[in-house]
Amino acid sequence: MSAAIETPPISKPLDISIFQLTLDDLPAGPPSRQQPLVNPISMCLGVALVISQEAVESPSTYGRYFLVHPEEIELDETLHPVFEDISIVFPDEIPDDSSQHAFWFNTGLKHGSQVLSQLLDQDIVEFVHPIRTHVTGPQGGGEDEMIEYPLVRVKLTDKQMAKQCGSCEIWEQRTDKERLSICSRCRNAWWCDEECQLSGWKRGRPVPHKKLCRLVNTS
Ligand SMILES: [Zn+2]
Ligand SMILES: [Zn+2]
């Protein structure tokens, strides 16, 4: 049955990069059931491709960026793989001037400035030069407080980042036996396996990948 549907081949990337962060409000090890997160904390950078809302007419994708636990923490099975969403999306201003992954870093996060400085120090991201900032007013009124969000570029390759399946939305982790596979035609979608690929190909929302794959194909 699936032989009749011409999906492009998918290929498995190499291992993701792990780095360490130290956060002010975490104790030093060892981890316990009450305190599974201790310094230094191992992380990887995760990327999820999101299809823009105007997708029906002209589909395109952009990345959301996350700090992802590189492996399940056995002490706390309820811990989500995603530690923090570090990107912020401005609807009209998704960076399109970089061939590499780039995003607005959300410095308004609880750990925002600590995380950013450590990612810069460890060569995970760099400021886009010249530095651009997006200034926004406070939520719900007020005039004085403005937040600047720096635009950063990811210095890791696709292969070094954790991915999210475009179909079932599972996150890739280091301990997984299988890496996610990239769509070899558009390089804009990752899948667990051919079953997830076929599901996204035929029934992906808001646009089936069959349509998106053709339109974002840059090769
Ligand atoms: Zn999947
Ligand atoms: Zn594709």
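The pLDDT is the predictor's confidence in each residue, on a scale from 0 to 100. This is a predicted model, in which local features need pLDDT of at least 70 and side-chain atom pairs count only at pLDDT 80 or more, while totals for chains, interfaces and linings use all residues. Residues are numbered from 1 along each chain as its sequence is written, and chains are lettered from A and ligands numbered from 1 in the order in which they are written.

**Figure 1. Confidence across the model.** The protein averages a pLDDT of 80, and 77% of the residues score at least 70. Confidence is lowest in strand β1 (residues 10–11), with a mean of 60, and highest in α1, at 95. Helices (H or I, at least four residues) and strands (E, at least two) are DSSP runs, numbered from the N terminus.

**Figure 2. The two sides of helix α1.** Helix α1 spans residues 112–121, and its residues Val 115, Leu 116 and Leu 119 are buried. These three lie on the same side of α1, because they cover an arc of only 100 degrees around the axis; the arc is that of the directions from the helix axis to the C-beta atoms. A residue is buried if 20 or more other C-beta atoms lie within 10 Å of its own, exposed if 12 or fewer, and partly exposed in between, with C-beta atoms placed from the backbone. On the other side of the helix, Ser 113, Ser 117 and Asp 121 are exposed. The packing partners of the buried residues of α1 are β2 (19–21), β7 (102–105) and β8 (125–127). Just after the helix, Asp 123 adopts a positive phi of about 65 degrees.

**Figure 3. The largest nonpolar core.** A nonpolar core is a set of buried Ala, Val, Leu, Ile, Met, Phe, Trp, Tyr and Cys residues joined through C-beta atoms within 7 Å. The largest such core has 29 residues, of which Met 43, Cys 44, Leu 45, Leu 67, Val 68 and Phe 105 touch the most other members. Two or more residues each come from β2, β3 (41–51), β4 (61–68), β7, α1 and β10 (147–154). Strand β3 contributes the most to this core, with five residues. Leu 67 is in contact with Met 43, Leu 45, Phe 83, Glu 84 and Ile 86, residues up to four places away in sequence not being counted; contact requires C-beta atoms, placed from the backbone, to lie within 7 Å. A second, separate core has 11 residues, including Ile 51, Leu 180, Cys 192 and Cys 196.

**Figure 4. Strand pairing around β3.** Two strands pair if DSSP finds at least two bridges between them. Strands β3 and β4 are antiparallel and are joined over eight bridges. Within this pairing, Gly 46 has Phe 66 of β4 as its bridge partner. Gly 46 also has a bridge partner in β11, namely Ala 162. Strand β11 (residues 162–163) runs parallel to β3, with two bridges between them. Strands β2 and β3 run antiparallel and are joined by three bridges, and Leu 21 stands opposite Ile 41 in β3. In the loop between β2 and β3 is Pro 40, which is joined to Asn 39 by a cis peptide bond with omega of about -10 degrees.

**Figure 5. Strand β10 and its partners.** Strands β7 and β10 run antiparallel and are joined by three bridges. Strands β8 and β10 are likewise antiparallel, with three bridges. Arg 153 in β10 stands opposite Ala 102, and Arg 153 also stands opposite Glu 126.

**Figure 6. Positive phi in two loops.** Glu 169, in the loop between β11 and β12 (181–183), has a positive phi of about 65 degrees although it is not a glycine. Glu 169 is exposed because 10 other C-beta atoms lie within 10 Å. Arg 187 belongs to the loop between β12 and β13 (190–191). The phi of Arg 187, likewise not a glycine, is positive and near 55 degrees. Arg 187 counts as partly exposed, because it has 15 C-beta neighbours inside 10 Å.

**Figure 7. Glu 6 and Lys 210.** Glu 6 lies in the segment before β1. Because it has 8 C-beta neighbours inside 10 Å, Glu 6 counts as exposed. A separation of 9.4 Å lies between the C-alpha atoms of Glu 6 and Lys 210, which are 204 residues apart along the chain.

Methods:
Contact = placed C-beta atoms within 7 Å.
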